[in-house]
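Here are a few notes to read alongside the model. Have a look at the picture before going through the points.

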Amino acid sequence: MSADGLSPTPPPSGARLGLQVLGALALGTVLTLTVVLPAEYGIDPTGFGALTGLNRISQPPEMVVETRFSAPPEIARPEALPFRQDVVTIPIGAFGRTLGATEYKVTLEEGQTLVYSWKASVPVVFEFHGHTTPTDGSPAQVMDYAKGTATEGNGALTAPLSGIHGWYFANPTFEDVSVELTLAGYYTLEPGLIGIH
């Protein structure tokens, strides 16, 4: 007798425990075959998934995509030559000895793409911009892309105008520094360095 006056429940016999385990296994197998496999994996060995619609859960909705046989040039633009790659080291003199600034430019036609990374040995002032090179005496169109102070920059440019595009770097220190510029894309290196002799 227990303290509350009730008899303890005897443990189940081995046969009864075996039947309970077999029943749980059978139920698990039935649920796996009729619910889990159709709903999760699209496998329906019993046909119950198709009958109840469970097999549709595992199938993503069909999407109809319009096929286009041509893309506008701003999306896919062929080029006559392979893209080029260059690594350029740009020295910038000390602020106290020289002007402490220089520009590095490349030529891009409108729509051409340039991918770049640059890294300086100390923080430098930079401005990334481009402008047209008018030949009829009219003023140049100028577009600024980015500016600030940093030791590195990474990005891509699709030229919004034909002309020269690149960086103005200023060295605010009293020691010589250098910037390593890595380029890839469709461009020519002219005019290159501006303001260094």
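1. UniProt positions here follow the numbering used in this note, feature names are shortened, and annotations may be inferred rather than shown by experiment. The model is predicted, with local features needing pLDDT of at least 70, side-chain atom pairs counting only at pLDDT 80 or more, and totals for chains, interfaces and linings using all residues. Residues are numbered from 1 along each chain as its sequence is written, and side-chain values use heavy atoms, without hydrogens and water.

2. The unreviewed UniProt entry lists residues 17-37 as "transmembrane region". In the model that span is 100% helix and 0% strand, with its end C-alpha atoms 28 Å apart. Helices (H or I, at least four residues) and strands (E, at least two) are DSSP runs, numbered from the N terminus.

3. Next, the greasy surface. L27, L31, V35, V36, Y41, I43, F48 and L51 make a nonpolar surface patch of about 770 Å². Helices α1 (14-41) and α2 (48-52) each give at least two residues to it, and α1 has the largest share, five residues. Areas are Shrake-Rupley, 1.4 Å probe, with only the protein chains shown as cover.

4. Over in the strands, β2 (residues 101-108) runs antiparallel to β5 (residues 163-170), with eight bridges; V106 has H165 as its β5 partner. Strand β2 also runs antiparallel to β7 (residues 188-194), through four bridges, and there Y104 partners L193. Pairing needs at least two DSSP bridges between two strands.

Notes
Patches are made of residues with over 30% relative accessible area and no salt bridge: like charges are joined within 9 Å, nonpolar side chains (Val, Leu, Ile, Met, Phe, Trp, Tyr) within 5 Å. A salt bridge is a side-chain nitrogen of Lys or Arg within 4 Å of a carboxyl oxygen of Asp or Glu.
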